[in-house]
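Subject: Structure handover and notes

Dear colleague,

I am passing on the structure below, together with notes on what was found in it. Please read the notes with the structure open beside them.

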Amino acid sequence: MTKLQSVNYQQLTWPLIIGLIIWLSAPFRPAGLSLLAWHMLALFVGTIIGCITQPLPIAGVAIIGLTLGVLLGVTSMTDAMAGFGDNTVWMIAMAYFLSRGFVKTGLGRRVALVFVKLFGKKALGLAYALIGVDLVTSPATPSNTARAGGIVFPIIESLAKAYGSDPQNGTQRKVGSFLIMSAFHGNIATSGLFMTAMAPNLVAVALAQAMQIHITWMDWLLAALLPGLICLISVPAIIYWLYPPEIKDTPNAHAWAANELEQMGAMTLAEKLMGGIFMLALFLWISASLTGLDATLVAFIAVTLLLLTGVLSVDDLLHETGAWNTLVWFSILIFMAGKLNSLGFIPWLSQTMGQALQGISWLWVLAALMLVYFYSHYLFAGATAHVSAMYGAFLGVAISAGTPPMLAALLLGFDGAIFSSTTHYANGPASIMFGSGYITQSEWWRLNLCLGGFYLLVWGVGGTLWMKLLGYW
C-alpha cells in the first residue's frame, strides 16, 4: 500500500501568510509600481520563504509558486515555461552529469588517494591533499555537497579512524577535527574560485545577466584567482594554528593510500575517458574568448562525449536526481526574478535606493551590502535560497549607488560562497562535516567567526584591488 508523502503544513504557514500580506497590501504599494509587479513580488517572497522553511523540498515549493502565479493571472503559462529554456539552468544540469562521471568511474576517489599518497606524511600535508582533491574536481562539480560528501569526507573518515581519531571514543582532536575543518574551508575557497563549482554561483550569474551584466566562466576565474589562491594556501595553516591536531606526523597515511590504490588496480578505460573529457571541457571553458563557444554548449559537448564513449548511460542521467531537481526549482526562481525585473520592481528598488544613498561613496555602500549579505546568512539554511532572495536586489542597490556593475556582480557572487563560513547549517558541506561529530557547535561557530572576517578582507578588499588591476572597473 502506497503511503502519502510527508508535507509539513506548519512550515507552509509562514510563506502563505507573508505572501498574502504583501498581495493584499497592493493598494498601498509605492507610486510607480504596477499591480502585476507587486503581485509578482508577493509570489516571489512567498516562494523564497517556502524554500527556507521547506514544507516540501525546494522543487515542490517552486512548482506551487509557479502554479499560483499562472492561476492568479500574474503570468501566462507560455511565459512561465520559457524559464525552462534558460542556458544557465541547463549548464548546471550538465555539470551535475559530469560530476556523476567522477563518482561512477571511481576517478574522484583515485585522485583523492593519489593526493594523500603524495602529500600525506604530516597532518598539515593531509589537509592540503584533501583540498587539492576538491580543487581538481570543483570546476565540473556544481554540487559542493557532492564533492564534500561523496569524495572528500569518506577519505577523511577512513584516515581519522586509521589514526584512532573517533568522536565516539572522545579522540576526535587527534587528527579528525582538524581535517574536517580544513576540508570544509577548502570547499568554501574552491566554491568561490570557479563559476561552476556550486549552483548558487550560477544563480548569481543568471540574475546579473538579467541586469545586462554578462559574466563568462573565464571572467569569474580571473577575478577569483588571487583571493581564491590566498585562501587555499593560507587557511589550512590558520586552522592549524587556531585548532591544531594532536597528531602532527601521519607517515602511515602514505602506506594506507598506496594500499587503497593497489586494491583499485590500474586506471580503467572509463577513468581515462572521464579524465580526458574533463580536461577538454576545462580547456574549452578557458579558451571561450578564442573559440566563441558558449559555456553551456561546452558542458553539453562533454556530456555528449561521455554518452558516446559509454562512460555514462542515459539511465545514469535519468537517475541523477540532483540535476533534475535543480533544473525545476532554478528555472522557476530565475523566471520569477526575471519577471520582477521586467515588470519594473528591481529598477524601481534600485532607483529608490540610489536616490536615498546620494552623496555616499559607492565604496561604503558596497562594503555595507557585502557585510549585510554575509552576516544575514545566519538566518538561512543553505546558500541557494539566500542568493535567490537577496542577490538581485543588493546588486541593483550597489549599481544605483554608482558601483561599477562588474565589480558589484562578482563581489556579491563571491560573497555567496564565503558566507557559508558561518553556521553548522550554512550549506550542504557544513551539515555533512559538522554532522560527523568531530567538531562541537561552539568550536564550529568560534572558528568560523574568525575565518569569516578573514574571508571578507581577502575577497572584499583584496578582490576589489585585484579586479582594479585586471581592469574590471
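**Salt bridges and their surroundings**

At 12% relative accessibility, Glu320 counts as buried, where buried means under 20% relative accessible area, exposed means over 50%, and partly exposed lies in between (1.4 Å probe, protein chains only). Before going further, please note that this is a predicted model, in which local features need pLDDT of at least 70 and side-chain atom pairs count only at pLDDT 80 or more, while totals for chains, interfaces and linings use all residues. Residues are numbered from 1 along each chain as its sequence is written, and side-chain values use heavy atoms, with hydrogens and water left out.

Glu320 forms a salt bridge with Arg100, the closest N and O atoms being 3.0 Å apart; a salt bridge here is a side-chain nitrogen of Lys or Arg within 4 Å of a carboxyl oxygen of Asp or Glu. This pair links distant parts of the chain, since Arg100 lies in helix H5 and Glu320 in the loop between H16 and helix H17 (321–342), 220 residues apart. Helices, for these notes, are DSSP runs of H or I with at least four residues, numbered from the N terminus.

Arg100 also meets the side chain of Asp316 in a salt bridge (3.9 Å, N to O). Because Asp316 belongs to helix H16 (residues 314–318) and Arg100 to helix H5 (residues 87–105), the pair ties together parts that are 216 residues apart in sequence. Asp316 is buried, with a relative accessible area of 11%, whereas Arg100 is partly exposed at 26% relative accessibility. Together with Lys104, the residues Arg100, Asp316 and Glu320 are linked in a network of salt bridges.

The structure holds seven salt bridges, and one of them joins the side chains of Glu443 and Arg173 (4.0 Å, N to O). Here too the pair links distant parts of the chain, with Glu443 in helix H23 (residues 441–470) and Arg173 in the loop between H8 and helix H9 (176–193), 270 residues apart. Glu443 is buried, having a relative accessible area of 18%, while Arg173 is partly exposed, with a relative accessible area of 26%.

**Helix H15 and the residues after it**

Just after H15, Gly310 takes a positive phi of about 85°. Leu312, in the loop between H15 and H16, is buried, with a relative accessible area of 2%. Leu312 and Leu456 are 144 residues apart in sequence and 40 Å apart in space, C-alpha to C-alpha.

**Surface patch and loops**

Tyr128, Leu222, Leu225, Leu229, Ile233 and Leu470 make a nonpolar surface patch of about 460 Å². Patches are made of residues with over 30% relative accessible area and no salt bridge, like charges being joined within 9 Å and nonpolar side chains (Val, Leu, Ile, Met, Phe, Trp, Tyr) within 5 Å, and accessible areas come from the Shrake-Rupley method with a 1.4 Å probe, where for residues only the protein chains shown count as cover. Helix H11 (residues 217–242) gives the largest share of the patch, four residues. Ile233 lies in this helix and counts as exposed, at 58% relative accessibility.

Gln54 sits in the loop between helix H2 (35–53) and helix H3 (58–71) and is partly exposed, with a relative accessible area of 38%. Gln212 lies in the loop between helix H10 (199–210) and H11 and counts as exposed, at 62% relative accessibility.

With kind regards

Notes
Helix = DSSP H or I, 4+ residues; strand = E, 2+ residues; numbered from the N terminus.
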